Amino acid sequence: MIGYVAGALAAAAATFAGVHTMVPWSQLYGENFSGVKEGLKVLALTYDDGPNDPWTMKLLEVLDKHQVPATFFMLGKYVRERPEIARAVAEAGHAIGNHSYSHPNLIFASEAKLRQEMEETSVAIAEATGERPFLFRPPFGGRRPGTFKVVEEVKMFPVMWRVTCFDWAAKSHTQIVKHARRQIAGGEVVLMHDGGHLRMGEDRGFTVHATDELIREYKDKGYVFATVTEMMQMRPGVQMPFGAR
Ligand SMILES: [Zn+2]
């Protein structure tokens, strides 16, 4: 599935001006990544707070139907509970990121707590999928000075977003689509949720339905879809760390 969009991405990448060499990531992207140049017809759909039974698997069906890759920021506690779902996400070719173990707000967490949450989650993901994640998204998007420095010290990279779909509060799938449509100009990382940080089984039916409609609509408009890792490579000269996806 990864190779599916490679041609389109290469074409889009060619429109970037300037050549960057790699590392440190913060110099290339700023202190976090939330998308590429506005107007490029590429989107990175991202899903937080899974794995979540049964909604993550239902979402995989929709993504597979459209042959679209996405990025899943998983919670370590749920990966431990349902490692087979994490494995299915990886085997379908999607990118997996670290979203902490228990979803603490990092504004109030010590550095030691942050390191522990990240490490336990990376180990859980590696045991389930065979790969340690490279991407990290802070719970609630919360952080304080120094948070992202710690993330980089453990050789990960922080990912935020530019499009907020408010799917956790949506009353219908159309509300989610409208929030997305209002903010999309091209080039964005898009935030949605396949799970809920408070409990396994949180109903994400609206998100799954909205995903189906958004992909249909934006494919019709000529957009391509990429994982966050693929989107980060849409600059000439950028090479991701070995094995990152
Ligand atoms: Zn979250």
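In the predicted model, Val 189, Leu 191 and His 193 point one way from strand 7, Val 190 and Met 192 point the other way, and all of them are buried. In a regular strand the side chains alternate between the two faces of the sheet. Strand 7, which comprises residues 189–193, is accordingly described as mostly covered, with five of its five residues buried.

Strand 7 is paired with two other strands. Strand 1 (residues 42–50) runs parallel to strand 7 and is joined to it by five bridges, with Thr 46 standing opposite Leu 191. Strand 6 (residues 163–164) also runs parallel to strand 7, to which two bridges join it, and here Leu 191 is the bridge partner of Thr 164. Between strand 6 and strand 7 the chain passes through helix 8 (residues 173–183), forming a β-α-β crossover that is right-handed.

Helix 6 was examined separately. At 1.5 Å a residue, its 19 residues (111–129) should span 27 Å, and this agrees with the separation of 27 Å between its end C-alpha atoms. The buried residues of helix 6 are Leu 114, Glu 117, Met 118, Thr 121, Ser 122, Ala 124, Ile 125 and Ala 128. Viewed down the axis of helix 6, these buried residues fall within an arc of 165 degrees, and they therefore line one face of the helix. The elements against which the buried residues of helix 6 pack are strand 2 (71–74), helix 4 (76–81), helix 5 (83–91), strand 3 (95–98), strand 4 (135–136) and helix 7 (147–153). Helix 6 is followed by Gly 130, for which phi is positive, near 90 degrees.

Technical notes. Residues numbered from 1 in each chain as written. Predicted model: local features only at pLDDT ≥ 70, side-chain atom pairs only at ≥ 80, totals over all residues. Helix = DSSP H or I, 4+ residues; strand = E, 2+ residues; numbered from the N terminus. Expected span 1.5 Å × (residues − 1). Buried ≥ 20, exposed ≤ 12 C-beta atoms within 10 Å, placed from the backbone. Arc of directions from axis to C-beta. Contact = placed C-beta atoms within 7 Å. Pairing = 2+ DSSP bridges. Right-handed = clockwise from strand over helix to strand, strands pointing away.
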